[in-house]
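Here are my notes from going through the model, as numbered points. Have it open beside you as you read.

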Amino acid sequence: MPMLRVMEQMPHILVVDDDREIRDLLARFLEEKHRMRVTAVRDTREARRAFANGHYHLVVLDLMLPGESGLDFARWLRSQCDVPIVILTAMGEETDRVIGLELGADDYVPKPFSPRELLARIRAVLRRASPDSRKVVRFSEVEIDLERRVVTKRGEELKLTPAEYNLLAYFLQNPDRPLTRDMILNSVWGYEFFPNTRTVDAHVVKLRQKLEPDANCPRHFLTVHGVGYRFLP
């Protein structure tokens, strides 16, 4: 059965922003707290040089840059490769934001931004960009189209919240493996978002109600007493 592959390689993020404080903040936040490798540059000239000398899983791109604009760089980058792009825009730059998305950017975050929100966007885009995300996974009467993020049961589409879907994707990545609530919380939400492990329990209940043949007698989302949960396809 096809499954999502856990990224074996530490994600390498290129941050392009002329604000040194933002570059330093993101480098510390992503590297020290979330095990990502970060290369931070101040303009598109340095960004082009970085691309010539390295491989990146995602680009965080400010649109307002000295010299060549972020939009021009996004246009050039999209002509070279399909690396995911998350753009940073000031609150009033709606037109530039729309143009950026039309050029092929994968998401945007308005300034001023929360590093935790940006982290969540980065993780979501990386999941979508994963080669193994372009698969359909099936168990029991459930089918998950990982590219379209569509879940069906007996042929009928189910409505899952983003958190429920991300939790399901994490279970799919870790079949038949005991997972503690802390592991799930940190991987799916990050501790900063929901510091209470009861959040995990509530969302597992929701998945059981929507995906199990009998929510009162689960066959797939199993409780491991004293540990947490285990997903059994």
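This is a predicted model: local features need pLDDT of at least 70, side-chain atom pairs count only at pLDDT 80 or more; totals for chains, interfaces and linings use all residues.

1. Arg35 counts as exposed, with a relative accessibility of 68%, and exposed here means over 50%. Arg35 sits in the loop between helix 1 (20-34) and strand 2 (37-41). Its phi is positive, about 55°, although Arg35 is not a glycine.

2. Arg154 deserves a look too. This residue is not a glycine either, and its phi is positive, near 55°. You'll find Arg154 in the loop between strand 8 (150-153) and strand 9 (156-158). With 60% relative accessibility, Arg154 counts as exposed.

3. While you're checking the backbone, go to Lys111 and Pro112: the peptide bond joining them is cis, with omega about -5°. Pro112 belongs to the loop between strand 5 (107-111) and helix 5 (115-129).

4. Now the helix pair. How do helix 2 and helix 3 lie relative to each other? The axes of helix 2 (residues 44-53) and helix 3 (residues 70-80) cross at roughly 15° and come within 11 Å. Angles under 35 degrees count as roughly parallel, so helix 2 and helix 3 are roughly parallel to each other. The contact uses Thr44, Ala47, Arg48 and Phe51 from helix 2, with Phe73, Trp76 and Leu77 from helix 3. Sorted by class, that makes five nonpolar residues, one polar and one charged. As for handedness, helix 2 passes helix 3 in a right-handed crossing.

5. On to the packing. The largest nonpolar core has 26 residues, and Phe139, Ile144, Leu168, Phe171, Ile184 and Phe221 have the most contacts inside it. Two or more residues each come from strand 6 (136-139), strand 7 (142-145), helix 6 (162-173), helix 7 (181-189), helix 8 (198-211) and strand 12 (228-231). Helix 6 gives the most to this core, eight residues.

6. Leaving aside residues up to four places away in sequence, Phe171 touches Leu179, Ile184, Val204, Leu207, Phe221, Tyr229 and Phe231. There is also a second, separate core, of 20 residues, with Phe29, Leu30, Val86 and Ile122 among them.

7. Last one: is Asp145 buried or exposed? Asp145 is in strand 7. Its relative accessible area is 16%, and the cut-off for buried is under 20%, so Asp145 is buried. Again leaving out residues up to four places away in sequence, Asp145 touches Lys135, Val136, Val150 and Tyr165.

Notes. Residues are numbered from 1 along each chain as its sequence is written. Side-chain values use heavy atoms; hydrogens and water are left out. Axes are lines fitted to C-alpha atoms, for helices over the stretch in contact, and angles run from 0 to 180 degrees between N-to-C directions. Helices (H or I, at least four residues) and strands (E, at least two) are DSSP runs, numbered from the N terminus. Angles under 35 degrees count as roughly parallel, over 145 as roughly antiparallel, 65 to 115 as roughly perpendicular and the rest as oblique. A crossing is left-handed if the near helix is turned anticlockwise from the far one by less than a right angle, and right-handed if clockwise. Contact means heavy atoms within 4.5 Å. Ala, Val, Leu, Ile, Met, Phe, Trp, Tyr, Cys and Pro count as nonpolar, Asp, Glu, Lys and Arg as charged, and the others, Gly among them, as polar. A nonpolar core is a set of buried Ala, Val, Leu, Ile, Met, Phe, Trp, Tyr and Cys residues joined through side-chain atoms within 4.5 Å. Buried means under 20% relative accessible area, exposed over 50%, partly exposed in between (1.4 Å probe, protein chains only).
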